[in-house]
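Here is a quick tour of a two-chain model. Have the structure open while you read.

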Amino acid sequence: MTSETIAGPVQQFQAQIRWRWSEVLFWLATLLPPVLVPSYLVLASQIAITALFALSLDLILGFSGIISLGHAAYFGVGAYTAGLLSKWGWGEPVSGLLIAGFAAGLLGYVTSFVIARFRHLALIMITLGLGLLLQEAANSASWLTGGFDGLQGIHTWPIFQKFDFDLYGYTAYSYSLAVLFLVFLVARRLIHSPFGLALRGIRENGQRMPAIGAPMHAHIRTIYTIAAIIAGIAGAMLAQTTETVSLEALGFQRSADVVVMLILGGTGRLYGGLVGAAVYMVARDQFSGLNPQYWYFWIGLLLIAVVMLLPNGILGGLALLARCLGVRS
Amino acid sequence: MPSVFGVLFDGVAYGMLLFLLSVGLSVTLGMMNFVNLAHCSFAMLGGYVTVTLMNAFGWPFFATLPVAFIAAAAASVVLERAFFRRFYNASDLNQCLLTIGIVFVSIASAAYIYGTDEQPVQLPSYLRGSIAFLGLDFANYRLFLIATALLITILLIVTVEMTRFGAQVRAAVNNQRMARGLGINVDGLFAITFALGSGLAGLGGALAIEMVGLDPSFAFTYLIYVLIVVSVGGLGSITGSFAAAMLLGVSDMAGKYYVPAIGSVLIYLVMMVMIMWRPTGLFGRR
């Protein structure tokens with residue numbers, strides 16, 4: 001978008017907030033899987049859940065510049081909370097999501113006091129340590145979490161006592177997609193608010209924001225807590241739709257994977273995590289079908305290629321292409 | 001219940017190993033601010049070189065060690081020329097991702113060539129067994145490991161503190177731009193340091209096989225330990241890395257022996273407390 005077409009800052013912000021055709025098309029396209037690939041609905045619901053997780057990471061990494069290698073901690077806390085609730089006899093999914101989001105958000109709020117004080121390598125190491133710490137704790141507390149064998153005996157009740165979770169994943173997909181869309185609306189609103197602008201300011205220049213009077217630490221604490229809540233909701237959805245929770249939900253691998261997805265799609269764009277999660281999960285599904293165990297080779301190559309050739313991710317590349325062709329996205 | 005000295009001895013041997021694995025990363029990170037998460041892939045390469053030479057070609061253990069060093073150093077030079085040098089001015093995140101991509105590729109390649117089993121090595125007889133001294137058993141291999149690592153540490157410190165090359169490295173770590181301004185060829189210096197550091201990691205990987213085993217996940221598992229050593233010790237500080245590696249080695253061993261229930265939690269706790277207390281590391285200046 002060029003400066004001639006924009007009259008002033010207010011118009012520019014309004015132009016950003018307006019729904020574009022490409023966005024509408026994107027969400028319409030998410031309705032296609034049940035029609036086109038009904039046998040892949042289980043994968044599709046996993047993609048929606050992972051996309052939600054990637055969206056939560058985008059809020060802190062892409063929009064606020066807080067690098068985290070331990071984001072799975074909140075995902076895992078959400079998953080275990082929802083799983084344990086259901087195991088102890090309360091399998092109602094929607095309230096389960098909210099309670100799991102609350103638990104993850106609580107942990108996020110507590111840890112955010114530490115997170116807000118550090119940057120760069122120290123921050124990477126602290127988030128990494130936090131993730132590993134929780135994983136080991138969950139492994140040790142096997143009386144609660146089932147340890148290495150995972151949490152068994154989860155039963156999720158029908159949604160609104162009406163839609164039972166079926167074998168083919170129709171309900172699971174609709175459920176995850178609906179939650180993803182609702183949370184996305186919230187995140188979109190948040191990013192286009194003055195608070196969202198302040199976050200981008202923190203990302204661009206962490207020294208100047210306090211100098212112009214923005215409460216940087218308070219902002220970071222707030223967005224970190226919100227991201228933790230969303231990650232917890234994503235984790236809870238995984239627990240409810242698969243009816244099992246394993247230690248892998250908390251693991252370093254999941255934290256690393258979600259960063260990779262986000263970069264693949266493009267950071268600092270609302271759709272980056274969504275597109276990245278879809279591409280990554282589909283690629284993993286395909287490659288592990290070809291020769292299981294070696295798909296990391298291709299993911300690694302893909303990652304190197306993206307960083308070398310498309311530094312702003314797939315969406316950044318598309319935006320560049322659109323600009324070259326003179327199309328306004 | 002093992003004695004305090006036994007645990008201390010094992011911890012020190014383990015710490016020495018961690019020091020060899022991590023010192024190269026500490027110096028290159030301090031110099032160029034390049035977050036090289038593929039550092040342990042070079043260590044893994046060294047390990048596999050030793051395994052291959054011993055098991056397929058019947059080389060003696062000691063003859064394989066220099067080859068492991070050279071192979072890892074050579075591989076690092078190739079990667080540095082081909083990929084890394086374009087990313088010196090890129091963001092932390094892009095550097096992390098590029099090198100994580102390399103880690104993924106190296107793990108999958110190792111799994112493809114060698115399978116996912118742990119690789120066995122047959123040590124020469126005089127490195128097996130142990131020496132009894134003051135009522136304690138000292139495993140020969142661990143004594144050898146400690147002696148080797150101490151020798152290398154002394155060599156490193158002498159090189160860095162007393163030679164012209166070392167002075168240039170210190171200048172570049174302290175202030176890269178100023179060093180450039182004084183006419184030091186920082187890029188060339190970095191390439192050499194990078195190769196040396198990766199070579200040491202390769203040597204560490206070869207020495208690690210007997211103590212911690214070698215399988216394709218090595219590049220990831222030990223990456224975390226190496227990062228802990230580097231961030232706790234402080235970037236670019238050899239003494240810091242040494243102290244942090246000892247601290248980590250001893251506390252990890254002590255945790256595993258005395259409080260096995262929370263043993264693995266303990267080192268992460270130690271790391272987080274250390275970083276919160278000193279965000280730039282024990283001996284870090286920045």
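## Ground rules

Helices here are DSSP runs of H or I with at least four residues, numbered from the N terminus. Keep in mind that this is a predicted model.

## Chain A at a glance

Let's start with the overall build. Chain A has 16 helices and zero strands. Its radius of gyration is 20 Å, close to the 20 Å that the globule rule gives for 329 residues, so chain A is as compact as a globular protein of that length.

As for the inside, 47% of the 329 residues of chain A count as buried. Take the contacts in chain A between residues at least 6 apart in sequence: 78% of these join residues at least 24 apart.

## Two spots to look at in chain A

A:Glu243 sits in the loop between helix 12 (216-242) and helix 13 (252-265) of chain A. Check its backbone: phi is positive, about 55°, although A:Glu243 is not a glycine. Is A:Glu243 buried, exposed or partly exposed? There are 17 other C-beta atoms within 10 Å, so A:Glu243 is partly exposed.

Now jump to A:Gly313, which belongs to helix 16 (residues 313-324) of chain A. This glycine counts as buried because it has 26 C-beta neighbours inside 10 Å, where the cut-off for buried is 20 or more. Leaving aside residues up to four places away in sequence, A:Gly313 touches A:Ile263, A:Leu264, A:Gly265, A:Gly266, A:Thr267, A:Gly272, A:Gly276 and A:Val306. As for A:Leu303, it is ten residues from A:Gly313 in sequence, and the C-alpha to C-alpha distance between the two is 9.9 Å.

## Chain B at a glance

Chain B has eleven helices and two strands. Reading from the N terminus, the order is α-α-α-α-β-β-α-α-α-α-α-α-α. The radius of gyration of chain B is 19 Å, close to the 19 Å from the globule rule for 286 residues, so chain B is as compact as a globular protein of that length. Its C-alpha trace spans about 60 × 45 × 35 Å along the principal axes.

Of the 286 residues of chain B, 50% count as buried. Among contacts in chain B between residues at least 6 apart in sequence, those joining residues at least 24 apart make up 77%.

## Helix 6 of chain B

Which residues of helix 6 (residues 164-174) of chain B are buried? They are B:Gln168, B:Val169, B:Ala172 and B:Val173. Look down the axis of helix 6 of chain B and these buried residues fall within an arc of 135°, so they line one face of the helix. The cover over them includes helix 1 (4-32), helix 5 (140-162), helix 7 (176-181) and helix 8 (186-212) of chain B.

## Where the chains meet

Finally, the interface. Here 29 residues of chain B are in contact with 28 residues of chain A. On the chain B side, helix 4 (92-114), helix 9 (218-233) and helix 11 (263-277) each supply at least two residues. Helix 4 of chain B gives the most, with 15 residues. Sorted by class, the side of chain B that touches chain A has 23 nonpolar, five polar and one charged residues.

How values were computed: Residues are numbered from 1 along each chain as its sequence is written. Chains are lettered from A and ligands numbered from 1 in the order in which they are written. This is a predicted model: local features need pLDDT of at least 70, side-chain atom pairs count only at pLDDT 80 or more; totals for chains, interfaces and linings use all residues. Two residues are in contact if their C-beta atoms, placed from the backbone, lie within 7 Å. Ala, Val, Leu, Ile, Met, Phe, Trp, Tyr, Cys and Pro count as nonpolar, Asp, Glu, Lys and Arg as charged, and the others, Gly among them, as polar. A residue is buried if 20 or more other C-beta atoms lie within 10 Å of its own, exposed if 12 or fewer, and partly exposed in between; C-beta atoms are placed from the backbone. The radius of gyration is taken over C-alpha atoms; the globule rule is 2.2 Å times the number of residues to the power 0.38. The arc is that of the directions from the helix axis to the C-beta atoms.
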